[in-house]
Amino acid sequence: MNDFLLQAAIYLGAGAVAVPLAHRLGLGSVLGYLVAGILIAPLLERVGSDHETVQHFAEFGVVMMLFLIGLELQPGLLWSMRSRLFGLGGAQVLLTALVIAAGLLALGLAVPVAIALGLILALSSTAIVLQTLGEKKWLRTEGGQSAFGVLLFQDIAVIPILALLPFLAIGAGGESASGSGHATSSLIADYPAWAQAVLTLSAVAIVILVGRYLTRPAFRIIARTGLRELFLGSALLLVILIAMLISYVGLSPALGTFLAGVVLADSEYRHELESDLASSKGLLLGVFFITVGAGIDFDLLMAQPVQIVSAALALIALKGAILWLLGTAFGLRQRERWLFSMSLAQAGEFAFVLLTFAVSSHVLAPDIAAFTSLVVALSMLATPALLLTYEHVVAPRVRLGDTPDRGHDTIKEEGSVIIAGMGRFGQIVQRMLVMTGYKPVVLDSSAEHIDSLRKFGIDVYYGDAVRPDMLVAAGIANAKLFIVAIDDRERAVELVDFVHRRYPQVKILARAADRDHVYRLCAAGADTAFREMFGSSVAMAKSALVELGHSDEDAERKARAFDEHDTAGLRHLMEVWDAELDVFSNPTYIARAKSRSDEFAELMAQDEEERER
């Protein structure tokens with residue numbers, strides 16, 4: 001018991017230390033777990049940890065991940081993304097797998113081995129890429145959406161790859177999965193082939209029928225109890241039972257749980273299932289990646305450093321080139337092609353899962369899997385450097401170099417008001433100014449969005465407001481007002497700083513995402529920064545007070561008082577704001593914010609007492 005607790009403490013402690021550090025360095029949680037595993041490997045050897053047993057336990061996190069991926073695959077979402085998902089994603093997986101397999105065949109590997117490695121290495125890291133794109137606010141760009149579509153297809157492709165690998169084992173002269181170590185729990189291995197087929201199809205049919213007709217009424221009954229822990233326990237039980245059933249007929253547990261997730265994708269309990277299982281999945285996946293890191297063969301790396309590093313670099317270059325060509329074929333603009341190709345050039349976390357399965361299915365020899373694991377890990381470790389290169393080297397040069405596929409519009413008029421960004425925020429500002437008699441010059445960098453707006457008769461110029469020549473053509477030198485309404489936080493700060501320094505006479509109003517963004521924009525030179533959801537949030541709170549029994553006049557007075565107090569608080573708190581610290585890490589800021597919150601609560605309490613009198 002003490003040994004188990006010691007091992008658990010080592011695994012969890014390593015993750016608790018390494019993951020925050022990895023986030024701080026911009027590496028992401030998956031790389032944090034891998035690094036943690038690498039660092040604690042010597043310690044695990046000293047305490048006699050059973051690495052394989054822990055890894056088998058942690059693989060249940062992969063099963064849960066595929067169940068949650070299945071839950072995300074709603075028909076409406078898939079249809080709306082059909083071009084990127086099936087067109088771009090399908091082309092990427094097939095073309096990359098074929099090219100890698102052809103190269104490995106040329107190096108003398110057997111056909112089944114080459115095909116297996118081609119399929120495994122065609123996948124990219126969903127965890128690293130989506131986390132980074134989200135943090136950098138790139139997910140909503142054209143390149144980010146294309147990357148998301150490809151990653152979603154890759155996640156789906158894991159299932160047919162899992163199903164295909166045992167057949168490659170037969171072609172390689174090995175045993176199928178039903179007779180391999182992976183599926184030793186199969187209860188039908190001794191049955192005739194036709195009986196195995198019938199029982200396997202029956203198990204799949206049971207999963208579909210249970211997911212479709214029995215789970216919903218069962219979850220409905222459980223939900224009525226109001227016990228969240230009971231719902232969580234039932235969800236875990238469902239995943240475990242499906243995994244057991246599918247494994248007993250010789251299939252991968254991940255295949256069954258993925259199928260169950262797809263069946264439940266339209267269920268009214270989908271979001272609750274996701275939220276309840278997400279934390280358990282994250283913990284188990286974290287342990288899984290720690291075990292992967294701890295199992296990396298550094299003796300092999302030291303023995304063949306040139307071959308392994310060269311293979312990792314070749315993989316990144318090859319995948320990047322294929323992604324660039326596909327991005328060109330599917331009409332991505334140049335900057336978006338760079339983001340698309342550089343973000344997906346690595347191998348992914350599912351490679352570790354598939355390599356383990358391929359070894360247990362006798363498709364790959366352990367030494368080949370060990371070599372490939374090192375290549376995968378190195379390519380993942382290189383991803384942050386690739387994306388930093390895109391952000392600080394590629395994107396600025398492409399943006400300023402006027403090399404997009406669609407030429408920027410020629411601006412034929414100057415305006416006293418210039419608006420940068422025509423999203424949901426900028427549109428409201430533009431409409432109100434136009435209805436009041438002004439004609440602002442509007443710039444936006446999304447060609448598709450501009451084409452849509454022009455159908456409604458709205459004049460928008462295609463161009464990047466960060467480009468000095470675009471601002472000059474729009475009349476920035478003689479403008480009275482410059483409105484920054486773009487949704488990219490960092491670019492908004494850069495744009496405000498540039499205009500403030502070059503054209504200090506121009507008043508600048510800027511859209512802010514939150515309080516910290518307000519401070520950054522004001523520090524860069526914005527005259528006023530407006531939080532994008534503040535007004536509507538205050539309006540909702542005012543309506544909530546009315547619904548709770550307050551008069552319209554009282555609710556209006558309280559909303560106005562809150563607005564004035566919060567606006568004054570922004571100025572007051574900016575005195576202790578530190579650009580080097582997050583507001584949640586600044587103790588002086590937190591103390592002053594609490595003090596102002598208490599002051600306002602006292603004012604409202606006094607107001608309530610006066611109202612009751």
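Predicted model: local features only at pLDDT ≥ 70, side-chain atom pairs only at ≥ 80, totals over all residues.
Before I turn to the residues, let me say that I call a residue buried under 20% relative accessible area, exposed over 50%, and partly exposed in between, with a 1.4 Å probe and only the protein chains taken into account. By that rule Arg-515, at 24% relative accessibility, counts as partly exposed.

Residues are numbered from 1 along each chain as its sequence is written, and side-chain values use heavy atoms, with hydrogens and water left out.

Let me start with the sheet. Helices (H or I, at least four residues) and strands (E, at least two) are DSSP runs numbered from the N terminus, and two strands pair if DSSP finds at least two bridges between them. Six strands form an open sheet in the order 3-2-1-4-5-6, with parallel pairing. Strand 3 (461-462) and strand 6 (528-531) stand at the edges with a single partner strand each, so one side of each is left without a neighbour in the sheet.

Helix 19 (residues 424-435) lies across strand 1 (417-420), strand 2, strand 4 (481-484), strand 5 and strand 6, and runs at about 160° to strand 1. Helix 22, for its part, lies across strand 1, strand 4 and strand 5, at about 165° to strand 4.

Now to the charged side chains, for which a salt bridge is a side-chain nitrogen of Lys or Arg within 4 Å of a carboxyl oxygen of Asp or Glu. How many salt bridges does this rule give? The count comes to twelve. One of them is the pair Arg-489 and Asp-514, at 2.8 Å from N to O. Since Arg-489 lies in helix 22 (residues 489-502) and Asp-514 in the loop between strand 5 (507-512) and helix 23 (515-524), the pair ties together parts that are 25 residues apart in sequence. Asp-514 is partly exposed, with a relative accessible area of 29%, and a network of salt bridges links Arg-489, Asp-514, Asp-516 and Arg-520.

Arg-515, with which I began, meets Asp-566 in a salt bridge (2.9 Å, N to O). This pair links distant parts of the chain, Arg-515 being in helix 23 and Asp-566 in helix 25 (residues 552-574), 51 residues apart. Is Asp-566 buried or exposed? Asp-566 counts as buried, because its relative accessibility is 12%.

A further salt bridge joins the side chains of Lys-542 and Glu-556 (2.8 Å, N to O). Lys-542 lies in helix 24 and Glu-556 in helix 25, so the pair ties together parts that are 14 residues apart in sequence. Lys-542 is partly exposed at 27% relative accessibility, and Glu-556 is partly exposed at 33%.

Finally, a word on helix 16 (residues 334-343), which is mostly covered, nine of its ten residues being buried. Among them are Arg-335, Glu-336, Leu-339 and Phe-340.

Terms used: Contact = heavy atoms within 4.5 Å. Axes fitted to C-alpha atoms, helices over the stretch in contact; angles between N-to-C directions.
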